[in-house]
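Okay, thanks for coming, everyone.

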Amino acid sequence: MIYYRQKIGSFTEKFEECSVIILLGENYSLLQKDAKKISDSLAGKIAVEEMRVNKYFNHEINEKRNEILTSLKTKSFFPGRQIILLNELHEKDYKIITEIDAEWQNDDAITIVTMNALSKKSEVTKLFASSDRIAVVTYTNSKIDKDFFVKRLTDSGINFSGKEVLDVLIDFANFTPENILENELEKLRLFKLYDDKPLSVDDFFDIISLNYEVKELSLAVALAERNIIELDKNLSAFHSYSKSPISILHFVSAYFYKLYLIKLYGPTSFEVRREYPFLIAHDLQKAKQHVNQWSLQQISRATDSLTASDLKLRKYSSLFQRSILTQCLHKIMEI
């Protein structure tokens with residue numbers, strides 16, 4: 001059975017008799033949110049605390065196949081429906097769904113699966129669509145282009161300054177989950193509520209949350225460009241106002257992991273768009289340049305080094321953390 005998310009009111013009414021519920025879409029955050037809603041509606045809001053929810057992620061689903069099938073029928077100490085969550089299942093691994101459905105009986109755990117995509121005309125899609133016990137919930141994406149933003153800005157009573165603003169908004173939307181985009185558009189609306197002046201690019205960057213500080217990004221950029229002068233200047237600035245070395249390291253790690261994903265999947269891929277930090281405009285162009293300057297092996301070595309340094313930072317007091325962080329970043333420059 002195939003459902004469209006926009007037409008579903010109550011999850012409970014639709015899915016109590018389903019063996020598997022597949023949430024199909026690119027908005028990772030929204031899928032996770034709806035998976036939680038479905039779990040709560042079927043098993044109750046305290047199911048997680050009562051250990052009636054078993055979660056598995058894409059990289060472990062195959063190796064834990066037997067465990068998943070066993071948990072289908074394993075009863076909890078607590079009464080109530082049990083839930084199995086399979087996060088980010090790949091289409092090629094679809095057989096776990098048919099295996100679950102083949103063994104499922106009415107009192108067994110209900111499995112909720114999140115997937116990025118299914119091939120429209122594949123045999124797998126036809127198989128799921130024809131089943132009475134497998135529900136596929138599709139999330140249709142709005143076409144986010146110039147017309148989309150012109151309408152949204154106009155409906156919100158916001159004047160805007162030229163094509164440049166639209167270009168930046170589109171760029172931001174391409175690398176931002178849908179739920180976050182809606183929140184940021186609401187912030188823009190409130191910002192311009194009693195202001196007739198046109199929305200400018202500067203207004204946009206003043207209001208929109210990019211989820212990182214500019215100085216943190218400058219440090220990561222200096223490291224990626226192997227610019228030791230800029231790197232040490234940024235480190236000194238951070239240390240002067242007691243920025244935590246651990247938080248600095250975490251941002252640098254996130255940035256290099258972002259480069260790793262861009263290298264693997266391309267800058268516009270789903271894997272890249274959903275991952276923090278959300279880079280747009282000039283920042284994204286910089287990241288693309290860095291990907292060309294680093295091989296996949298070099299980026300992997302850098303992320304491994306950052307992970308090792310994170311563990312080391314946690315072992316020592318704050319007196320030594322500055323030195324450990326500096327040594328780590330200098331070492332990465334030599335990769």
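I'll start with the ground rules, then the whole chain, then a few places in it.

So, this is a predicted model: local features need pLDDT of at least 70, side-chain atom pairs count only at pLDDT 80 or more, and totals for chains, interfaces and linings use all residues. Residues are numbered from 1 along each chain as its sequence is written, and side-chain values use heavy atoms, with hydrogens and water left out.

We've got 17 helices and six strands. Those come from DSSP runs, H or I of at least four residues for helices and E of at least two for strands, numbered from the N terminus. The C-alpha trace spans about 65 × 55 × 35 Å along its principal axes.

How much of the protein counts as buried? The figure is 45% of the 335 residues. Buried here is under 20% relative accessible area, exposed is over 50%, and partly exposed is in between, with a 1.4 Å probe and protein chains only. As for the surface, the accessible area comes to about 17800 Å², and carbon and sulfur atoms own 51% of that. That's Shrake-Rupley with a 1.4 Å probe, and for residues only the protein chains shown count as cover.

On charges, there are 45 positive and 47 negative, and their mean positions sit 2 Å apart. Lys and Arg are the positives, Asp and Glu the negatives, and His and the chain ends aren't counted. Each charge is placed at NZ of Lys, CZ of Arg, CG of Asp or CD of Glu.

Now contacts, meaning heavy atoms within 4.5 Å. If you take pairs at least 6 apart in sequence, 77% of those contacts join residues at least 24 apart.

On to the inside. In soluble globular proteins, nonpolar side chains tend to be buried together. In this model the largest nonpolar core has 42 residues, and those with the most contacts inside it are I21, I22, L23, L86, I96 and I97. There's also a second, separate core of 37 residues, including F251, I262, A287 and I299. By core I mean a set of buried Ala, Val, Leu, Ile, Met, Phe, Trp, Tyr and Cys residues joined through side-chain atoms within 4.5 Å. Let's zoom in on I97: beyond four places in sequence, I97 touches V20, I22, L89, V113, M115, F128 and I134.

F128 takes us to helix α6, residues 123–130, where the buried residues are V124, T125 and F128. Where do they sit around the axis? They cover an arc of only 100°, which puts them on the same side of α6; the arc is that of the directions from the helix axis to the C-beta atoms. E123 and S130, on the other side of α6, are exposed. The cover over the buried residues of α6 includes β2 (20–24), α5 (95–103) and β6 (134–138). T125 itself has a relative accessible area of 16%, so it counts as buried. Setting aside residues up to four places away, T125 touches L118, S119 and K120.

M51 has a positive phi of about 60° although it isn't a glycine. M51 lies in the loop between α2 (28–43) and β3 (53–57), and it's exposed, at 61% relative accessibility. R226, also not a glycine, has a positive phi of about 55°. You'll find R226 in the loop between α11 (214–224) and α12 (228–240); at 30% relative accessibility, R226 is partly exposed.

N58 is in helix α3, residues 58–61, and at 24% relative accessible area N58 is partly exposed. Beyond four places in sequence, N58 touches N87, E88 and H90.

Finally, V201 is in helix α10, residues 201–207. V201 is buried, with a relative accessible area of 17%, and, leaving aside neighbours within four places, V201 contacts E164, V165 and V168.
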